[in-house]
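Here is a short report to read beside the sequence and the structure. Keep both in view as you go.

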Amino acid sequence: MYQVNYHRASSVEEAAKLASQGDARLLSGGMTLIPAMKTRLAAPSDVVDIARIEALKGVKVSGNTVTIGAATTHHDVAGNAELKSAVPAVADLASHIGDPHVRHRGTIGGSVANNDPAADYPAALLALGATVVTNRREISADDFFMGLFETALEDGEIVTSIRFEKPEKAAYQKFPNPASRYAMTGVFVAKSKDGVRVAVTGAGDNGVFRASEIEAALTKDFSAAAVEGVSVSADGLMSDIHASAEYRANLVKVMAKRAVAKAG
Amino acid sequence: MSNVSLVLNGRSVSAEVEDRTLLVHFIRENQGLTGTHVGCDTSQCGACVVHVDGKAVKSCSMLAVQASGSEVVTIEGLSDGADLHPVQAAFREHHGLQCGFCTPGMIMAATDMIRRHPEGLDEKTVRAELEGNICRCTGYHNIVKAILAASEAMAKGGKGAAKAA
Ligand SMILES: Cc1cc2nc3c(=O)[nH]c(=O)nc-3n(C[C@H](O)[C@H](O)[C@H](O)COP(=O)(O)OP(=O)(O)OC[C@H]3O[C@@H](n4cnc5c(N)ncnc54)[C@H](O)[C@@H]3O)c2cc1C
Ligand code: FES
Ligand code: FES
């Protein structure tokens, strides 16, 4: 790892100020950034630790609205009793990220800001029509995820929380890469009064996307059988050492069926 | 350089280190506690697992200065003098190690796992929870056996049960 200057912020305002210097990067759980710095894929001049800012932590369920602070760890999302009863699909998703040690450090804000094409949370946010709240504005998930590791975030902009409405039904199913546990294909299905949204991660060659044919089929008939009739094209899907685009196209369908069955 | 002050196995320690110093290097090189291992250095293997503020983390994927102000427990902090911690005793009893390289991380992961599952553990849960710990020797079978046995022994209020809490 190259030399770096560490700063610990005690508030979002302080973090924003510190992050505006040099080539600074925010440091949340560090489960992506530290490994990237070790391999020199990332070489920030400064890192600004936001993991201890209390205002960025915790899960709040009030009425039908769920708000999760950006620095809330995967472990704390997975174990939150209120969330487990309001939107169990999100707690369940968090409980399958990486391994227990990664979940003790990694955070929802870091995962969303990083927008790894195989990360789990982006699928949940897109399917739930979530809002990404930053220190400057609110961005809908539809506008937030912009491709491989690309988001709508501007330089120095800090994700402060994620907000979404409780759906009628939702579930997430992933086919995890057996080595890393990242999604080789993951599908999040959410049914609300506005319709059905289906988001796919791990499969698209431009990151997370909505599967509109599956959405259309499920809007008519919310059942696994309805997904069976849909043909998922391999166009625009990823091919790599783990799986071909055709294999992933099939996984999209299988994971969607399982998610619908799980959502009940 | 930054000052890193933390409680390491119950003892307050403080040192000036480069900001880029990883927690595992602080523990091994600065503090001379070499029980915590570096297996992969790519955040996969779990040989470096320690507890920070009561939670298992990969110390190769965290800066020492991130842990400043925290309580850190390493494999050296588990036993009570010559008395092994129940998880250590179970690993010995059930042959949960061969070369022993992964063992400190396995044991730190196991004590954390048992603490998070006061209701008890089954084989499926133990195997799923060992996702972040790789062993090249044992085939995991005896590790799983040792963890299940330790969890039961500790639930019965065996010695050291309170320590892992
Ligand atoms: C072994 C291993 C297995 C994993 N498996 C999975 C998996 O199965 N599924 C999965 O989804 N992920 C997986 N991950 C990634 C993990 O979930 C990370 O925790 C997550 O992607 C990044 O979150 P973090 O808090 O660690 O962010 P960091 O590493 O601290 O930061 C990541 C990036 O986001 C930026 N950032 C952080 N917080 C904010 C913020 N609030 N506002 C703006 N920018 C911010 C940082 O500057 C940095 O560029 C795995 C990681 C490891 C090491
Ligand atoms: S050395 Fe830390 S996970 Fe392998
Ligand atoms: S005992 Fe050798 S790596 Fe586990």
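## Cysteines

B:Cys48 is buried, with a relative accessible area of 2%. Buried means under 20% relative accessible area, exposed means over 50%, and partly exposed lies in between (1.4 Å probe, protein chains only). B:Cys40 is partly exposed, at 25%. How many disulfides does the structure hold over all chains? It holds 0. A disulfide here is a pair of cysteine sulfur atoms within 2.5 Å. In general, a disulfide is a covalent bond between the sulfur atoms of two cysteines.

## About the model

This is a predicted model: local features need pLDDT of at least 70, side-chain atom pairs count only at pLDDT 80 or more, and totals for chains, interfaces and linings use all residues. Residues are numbered from 1 along each chain as its sequence is written, chains are lettered from A and ligands numbered from 1 in the order in which they are written, and side-chain values use heavy atoms, with hydrogens and water left out.

## A buried threonine in chain B

B:Thr36 sits in the loop between helix H1 (23-30) and strand S3 (49-52) of chain B. Helices (H or I, at least four residues) and strands (E, at least two) are DSSP runs, numbered from the N terminus. B:Thr36 is buried, because its relative accessible area is 1%.

Contact means heavy atoms within 4.5 Å. Residues up to four places away in sequence are not counted, and B:Thr36 then touches, among others, B:Cys48, B:Val24, B:Ile27 and B:Glu76.

## Helices H2 and H5 of chain B

Two packed helices are described by the angle between their axes and the distance between the axes. The axes of H2 (residues 86-93) and H5 (residues 141-155) of chain B come within 8 Å and cross at roughly 135°. Axes are lines fitted to C-alpha atoms, for helices over the stretch in contact, and angles run from 0 to 180 degrees between N-to-C directions. H2(B) and H5(B) are therefore oblique to each other. Angles under 35 degrees count as roughly parallel, over 145 as roughly antiparallel, 65 to 115 as roughly perpendicular and the rest as oblique.

Which residues meet? B:Pro86, B:Val87, B:Ala90 and B:Phe91 of H2(B) meet B:Ile143, B:Ala146, B:Ile147, B:Ala150 and B:Met154 of H5(B). By class, this contact has 9 nonpolar, no polar and no charged residues. Ala, Val, Leu, Ile, Met, Phe, Trp, Tyr, Cys and Pro count as nonpolar, Asp, Glu, Lys and Arg as charged, and the others, Gly among them, as polar. Just after H2(B), B:His95 takes a positive phi of about 55°.

## Helix H8 of chain A

A:Gly129 follows H8(A), with a positive phi near 60°.

H5(A), residues 88-95, packs on H8(A) at about 165°, with the axes 10 Å apart. The two helices are therefore roughly antiparallel. A:Val90, A:Leu93 and A:Ala94 of H5(A) make the contact with A:Tyr121, A:Ala124 and A:Leu128 of H8(A). These residues divide into 6 nonpolar, no polar and no charged.

## A valine beside these helices

A:Val77 lies in helix H3 (residues 74-79) of chain A. Is A:Val77 buried or exposed? A:Val77 counts as buried, because its relative accessibility is 0%. Leaving aside neighbours within four places in sequence, A:Val77 is in contact with residues including A:Val90, A:Ala94 and A:Tyr121.
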